[in-house]
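Open the model in your viewer and keep the selection panel at hand. The stops below go from one selection to the next.

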Amino acid sequence: MRELILTNDLVLISYVEALLADQGIEAVVFDRNMSLMEGSIGAFPRRLVVADDVWTRASRILRDAGLSEWVVGHERT
């Protein structure tokens, strides 16, 4: 598994999950339940990960959707 995005924005996570699911890519959100430990203050970002072999395709989908700044490891130009 490889990290695709890292964010506290639950709406963004939901949107990215929907984008990827629409393309047949399974995504898993790590740390989704950290709010139970942190008291729901949103201090810990959630990690959305995909399988290594689809990471490039998934990151391209996000770039095409205008979300390239959220992709972990993206190159800024």
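A residue counts as buried when its relative accessible area is under 20%, using a 1.4 Å probe and protein chains only. The model you are looking at is predicted.

Select serine 59, which sits in helix 3. Its relative accessibility is 2%, so serine 59 is buried. Leaving aside residues up to four places away in sequence, serine 59 touches Leu4 and Val71.

Go from there to Leu4, which is among the residues with the most contacts inside the largest nonpolar core. That core has 16 residues, and Ile5, Val16, Leu20, Leu48, Val50 and Leu62 join Leu4 in the list of those with the most contacts inside it. To display the elements that give two or more residues to this core, select strand 1 (2-7), helix 1 (10-22), strand 3 (46-50) and helix 3 (55-64).

Next, center on leucine 48. Beyond residues up to four places away in sequence, leucine 48 touches Arg2, Glu3, Leu4, Ile5, Ile13, Val16, Glu17, Leu20, Ala27, Val28 and Val29.

Now turn to charged side chains. How many salt bridges does the count come to? The count comes to 1. Select arginine 47 and aspartate 31: they form a salt bridge, and their closest N and O atoms are 2.7 Å apart. Arginine 47 lies in strand 3 and aspartate 31 in the loop between strand 2 (27-30) and helix 2 (34-38), so the pair ties together parts that are 16 residues apart in sequence.

Conventions
Residues numbered from 1 in each chain as written. Predicted model: local features only at pLDDT ≥ 70, side-chain atom pairs only at ≥ 80, totals over all residues. Heavy atoms only, no water. Core = buried A, V, L, I, M, F, W, Y, C linked by side-chain atoms within 4.5 Å. Buried < 20%, exposed > 50% of the residue type's maximum accessible area, 1.4 Å probe, protein only. Helix = DSSP H or I, 4+ residues; strand = E, 2+ residues; numbered from the N terminus. Contact = heavy atoms within 4.5 Å. Salt bridge = Lys/Arg side-chain N within 4 Å of Asp/Glu carboxyl O.
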